[in-house]
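Subject: Structure handover

Hi,

Here is the structure I promised to pass on. Please load it first, then read my notes below it.

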Amino acid sequence: MSITYCHASKFGNGAAVAEHFTQAMAAKGITVDVSHVRDADPRHLPRADLYIFSSPGRMGRPIGAARRFLRKVQLPPGTPYALLTTASTPQPDKKTGEMPSEESMARWRRVRPIMTELLDAKGLRKVAEDTVQVTGLKGPLEAGWEEKVDAFADRVAPLTGLHRS
Ligand SMILES: Cc1cc2nc3c(=O)[nH]c(=O)nc-3n(C[C@H](O)[C@H](O)[C@H](O)COP(=O)(O)O)c2cc1C
């Protein structure tokens, strides 16, 4: 059983999540092949039982490298995938101390929906998703993030047996 995991970490938080996830899955006997999107070929991804995609947010969207990568992904329709993104909480304005409007907060959280749109358009099948928060714009990861990733690993481990091609 195997998982191919592609992330677009810029500041290292998403890479740390991928690394922790890999260790958690190894303990369950499941191999995770992790790569940064810049090092992976979206048209020839390694064969796997499940694909995981991860991106940091950028002004309400997945970071550009992740969007370009996801647009090019070629996998058979029905292939199961999961999303495990990193995100920050919108911060109050530095000068006024005011929180962003509801509208910009909602836009800030569009990262996973956009990733889902891109992949569902190819007929891929989302089986799980979650987000690990970072506490500042660039990190570090929220307290207790390892437990959150462990819980995600527990959820997706049984799903790796569902797909055979
Ligand atoms: C310019 C900028 C814009 C950002 N926009 C968003 C956003 O729209 N939504 C969000 O959740 N996080 C946003 N973030 C926070 C990133 O999600 C955070 O930097 C990232 O998750 C850290 O992961 P990495 O260390 O793997 O790059 C932004 C960060 C920067 C620097």
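**Contacts, helix packing and backbone**

Start with Thr131, which touches Leu84, Thr85, Thr86, Ala87, Arg112 and Lys148, not counting residues up to four places away in sequence. Contact here means heavy atoms within 4.5 Å.

Some ground rules. This is a predicted model: local features need pLDDT of at least 70, side-chain atom pairs count only at pLDDT 80 or more, and totals for chains, interfaces and linings use all residues. Residues are numbered from 1 along each chain as its sequence is written, and side-chain values use heavy atoms, with hydrogens and water left out.

Back to Thr131. Thr131 sits in strand S7 (residues 125–134). Helices (H or I, at least four residues) and strands (E, at least two) are DSSP runs, numbered from the N terminus. The relative accessible area of Thr131 is 9%, so Thr131 is buried. The cut-offs: buried is under 20% relative accessible area, exposed is over 50%, and partly exposed is in between (1.4 Å probe, protein chains only).

The Thr131 side chain has a polar contact of 2.7 Å with the side chain of Arg112. Another, of 2.9 Å, links the side chains of Thr131 and Thr85. A polar contact is a pair of N or O atoms within 3.5 Å; within protein, one must be able to donate a hydrogen and the other to accept it, and residues adjacent in sequence count only if both atoms are side-chain atoms.

Next, Ile52. Ile52 belongs to strand S3 (residues 50–54). Its relative accessibility is 0%, so Ile52 counts as buried. Leaving aside neighbours within four places in sequence, Ile52 is in contact with Ile3, Thr4, Tyr5, Cys6, Phe21, Ala82, Leu84 and Phe152. Ile52 and Leu84 are 32 residues apart along the chain, and their C-alpha atoms are separated by 7.0 Å.

Now the helix pairs. The axes of H1 (residues 13–26) and H5 (residues 145–156) come within 9 Å and cross at roughly 50 degrees. H1 is therefore oblique to H5. Axes are lines fitted to C-alpha atoms, for helices over the stretch in contact, and angles run from 0 to 180 degrees between N-to-C directions. Under 35 degrees counts as roughly parallel, over 145 as roughly antiparallel, 65 to 115 as roughly perpendicular, and the rest as oblique.

On the H1 side, Ala16, Val17, His20, Phe21, Ala24 and Met25 meet Trp145, Glu146, Val149, Asp150, Phe152, Ala153 and Val156 in H5. By class, that contact of H1 with H5 has ten nonpolar, one polar and two charged residues. Ala, Val, Leu, Ile, Met, Phe, Trp, Tyr, Cys and Pro count as nonpolar, Asp, Glu, Lys and Arg as charged, and the others, Gly among them, as polar.

The axes of H2 (residues 64–72) and H4 (residues 111–120) come within 8 Å and cross at roughly 20 degrees. H2 is therefore roughly parallel to H4. Arg67, Leu70 and Arg71 in H2 meet Met115, Leu118 and Leu119 in H4. The residues of this contact of H2 with H4 divide into four nonpolar, no polar and two charged.

Last, the backbone. Most residues other than glycine have a negative phi, and most peptide bonds are trans. Gly139 and Pro140 are joined by a cis peptide bond, with omega about 0 degrees. Pro140 is in the loop between S7 and H5. Met59 has a positive phi, near 50 degrees. Met59 lies in the loop between strand S4 (57–58) and strand S5 (61–62). With a relative accessible area of 66%, Met59 is exposed.

Best wishes
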